[in-house]
Amino acid sequence: MISLENRSTFTENNKKEIFDLIIIGGGITGAGILLDACSRGKKCLLIEKNDYASGTSSKSTKLIHGGLRYLKNLEFKMVSDVGKERNIAFQNAPHLVRPEKMLVPLYKGKGFKKWQLSIALKIYDLLAKVRKIDRRKMLSKDETRAVEPRINSYNLIGGGLYAEYRTDDARLTTSIIKTANQYHGNSLNYMEVEKIEKKDHFEVSCFDHILNQKIIFQSEHVINATGPWADQTRLLEKEKFQSKIRLSKGIHIVVPKAALPVKHAVYYHLEDERMCFAIPRGGTTYIGTTDDDYKGSQDKINITKEEVSYLINGVNSTFTDQRIQNSDIISSWAGLRPLIEEEGKASTEISRKDEIFISKTGMITIAGGKLTGYRLMAKRAVDLIFSKETCRTQNISIDGNFKPKFNSYHDFKQYLCLNYKINDLKSDYFIQNYGLNSISILDDFQDAKQKLICCEMKYCFEKEGVFSLLDFFYRRTGQMYFDPKSVTNDLDEVVSYYNQFISKFGIKTVSKKEILSELENQINFI
Ligand SMILES: Cc1cc2nc3c(=O)[nH]c(=O)nc-3n(C[C@H](O)[C@H](O)[C@H](O)COP(=O)(O)OP(=O)(O)OC[C@H]3O[C@@H](n4cnc5c(N)ncnc54)[C@H](O)[C@@H]3O)c2cc1C
């Protein structure tokens with residue numbers, strides 16, 4: 001990734017260069033396209049106006065899943081495609097894509113009937129080619145309570161337990177971009193595209209928010225992968241078109257594990273027949289999501305008290321013992337699904353398929369889809385322009401993959417615990433964030449006699465395109481969402497380390513107050 005040190009040299013050297021492809025948008029879609037195209041040997045540049053994955057790709061439910069609910073709409077092809085993609089993602093990134101058993105509790109008169117769930121999960125396993133040992137198990141009422149003792153037993157008739165995968169969407173996106181860098185793919189965050197013109201080549205005019213200057217990059221092809229901003233980006237070509245993007249908002253809230261101590265991810269029905277997830281992660285459980293039409297700004301998405309109440313009421317009617325309250329919430333996020341419009345349908349009913357639009361100049365826009373299907377989306381878009389070269393991403397290991405150096409996740413975890421004297425939780429955190437790169441951070445920690453968090457920060461500045469402390473806390477470490485208390489630990493030292501690091505580049509320094517107020521914003525609802 002282009003770091004602070006080499007940013008101005010890179011922009012200077014590439015002003016006259018004609019790239020094969022410029023990708024606009026550094027979410028999962030853009031990241032996948034960058035990796036696909038540069039692993040076909042093409043000279044590519046990805047441009048992101050904010051931090052990588054700062055759009056929808058850090059605001060999802062963070063599941064690599066086949067989408068059980070799409071079976072309800074009879075979207076077999078979609079379930080089959082993303083089901084197979086789950087396996088590829090797990091094979092190429094076992095540090096980032098982790099198996100997670102999912103429990104669907106069944107209630108009399110609500111949601112699936114037992115036979116319906118049994119058939120649906122069977123089809124789901126077959127379409128996604130799930131290994132025999134991981135296939136679905138239908139459970140009695142007592143078995144369901146044994147798996148998840150806090151499930152409300154009133155009207156409970158049983159449950160279904162099946163295999164899914166969870167990930168960290170922002171880490172997955174960043175790691176794919178880092179992998180693309182190994183194939184000479186270039187990427188710049190904090191570079192905003194302001195105008196797109198087609199002359200002999202595409203001329204993409206940008207504003208560099210780090211160096212505060214305008215710059216024009218040139219390319220043979222341009223792909224617009226700006227998700228919820230796809231229409232705005234098309235407008236930069238000054239061409240008229242009929243919008244087909246419909247935005248749907250989804251929120252999540254995070255509570256300490258003690259407030260909702262689920263052992264597995266639980267996928268439960270609400271009174272309005274929608275389904276929600278409660279997913280354990282580290283010392284927390286996160287709950288989501290909503291699905292409502294959205295007309296506001298893509299750049300500032302507020303969370304309303306009503307949306308929060310909706311999630312809290314749903315969770316409180318599904319789990320017994322403690323009732324969750326607003327005061328239990330430690331963080332939250334809101335994201336926008338860029339759905340492809342289907343007239344007359346509610347946002348909840350609209351297919352999560354992706355679609356490609358090609359403008360008169362040849363600029364390709366790809367939007368819609370799912371995190372899980374990013375690789376297939378990328379292949380479809382790149383095949384349109386570089387069809388002579390074959391897509392190789394099915395077999396490309398994602399940056400940080402611990403195989404073949406370690407045989408299994410367990411072996412790697414043991415190695416980290418023993419060699420660096422860290423506990424299980426910390427070891428999981430390191431593997432699931434940095435994979436094999438954990439070793440270089442932990443080695444640095446042993447040598448440098450600095451706080452571990454500073455060694456982590458140094459790594460992210462140098463190798464992961466971090467430009468602000470918020471990039472670090474939100475999207476590289478996930479602490480802002482899943483361990484907000486830890487952000488305040490050593491904050492004086494962290495802020496001073498950061499300010500010292502960036503001062504030589506003339507970048508705006510940050511104060512402790514700004515970070516604390518960001519933490520406060522996480523639990524302020526309108
Ligand atoms: C609530 C919710 C839950 C979800 N859960 C799941 C799930 O569990 N599993 C799953 O598979 N999918 C899930 N999805 C879907 C998935 O998250 C999205 O499909 C995916 O993240 C979209 O990625 P993207 O790259 O297309 O868009 P984005 O991630 O939004 O990326 C677009 C990028 O373009 C940049 N950009 C915009 N304009 C410009 C410009 N002018 N110049 C430069 N850059 C620009 C933006 O800053 C942004 O970073 C969920 C979505 C939501 C909203």
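## A walk through the three domains

The chain splits into domain 1 (7-57 + 170-244 + 352-395), domain 2 (96-165 + 245-349) and domain 3 (409-521), with bounds that come from an automatic or database domain assignment. Keep in mind that this is a predicted model: local features need pLDDT of at least 70, side-chain atom pairs count only at pLDDT 80 or more, and totals for chains, interfaces and linings use all residues. Residue numbers start from 1 along each chain as its sequence is written.

Let's start with how domain 1 and domain 2 sit together. Their centres, taken over C-alpha atoms, are 32 Å apart. Domain 1 puts 15 residues into the contact and domain 2 puts in 11, where contact asks for C-beta atoms, placed from the backbone, within 7 Å. On the domain 1 side, helix 7 (169-182), helix 8 (230-235) and strand 18 (364-368) each give at least two residues, and helix 7 has the largest share with three residues. Helices here are DSSP runs (H or I, at least four residues), strands are runs of E with at least two, and both are numbered from the N terminus.

Next, the ligand. It has 38 residues around it, and the closest are Gly25, Gly27, Gly55, Gly227 and Gly250; to be included, a residue needs its C-beta atom, placed from the backbone, within 6 Å. Both domain 1 and domain 2 supply at least three residues each to this shell. Helix 2, strand 8 (191-198) and strand 16 (331-340) are the elements that contribute two or more. By type, the shell has 10 nonpolar, 21 polar and seven charged residues.

Helix 2 (residues 28-38) also packs against helix 10 (residues 374-385): their axes come within 8 Å and cross at roughly 60 degrees. Axes are lines fitted to C-alpha atoms, for helices over the stretch in contact, with angles running from 0 to 180 degrees between N-to-C directions. The pair is therefore oblique, given that under 35 degrees is roughly parallel, over 145 roughly antiparallel, 65 to 115 roughly perpendicular and the rest oblique. The crossing is right-handed, meaning that the near helix is turned clockwise from the far one by less than a right angle. Helix 2 brings Ile28, Thr29, Gly32, Ile33, Asp36 and Ala37, while helix 10 brings residues including Tyr374, Arg375 and Met377. Altogether this contact has eight nonpolar, two polar and three charged residues.

Now compare another helix pair. Helix 14 (residues 452-463) and helix 18 (residues 491-503) have axes that come within 10 Å and cross at roughly 30 degrees, so they are roughly parallel. This crossing is right-handed. Ile453, Cys454, Met457 and Phe461 of helix 14 meet Val494, Tyr497, Tyr498 and Phe501 of helix 18, which makes eight nonpolar residues with no polar and no charged ones.

The Gly288 to Thr289 peptide bond is cis, with omega near 15 degrees, and Thr289 sits in the loop between strand 14 (284-288) and strand 15 (292-293). Lys403 and Pro404 are also joined by a cis peptide bond, with omega about 5 degrees; Pro404 is in the loop between helix 10 and helix 11 (409-420). His184 is not a glycine, yet has a positive phi of about 65 degrees.

Conventions: Contact = placed C-beta atoms within 7 Å. Nonpolar A, V, L, I, M, F, W, Y, C, P; charged D, E, K, R; others polar.
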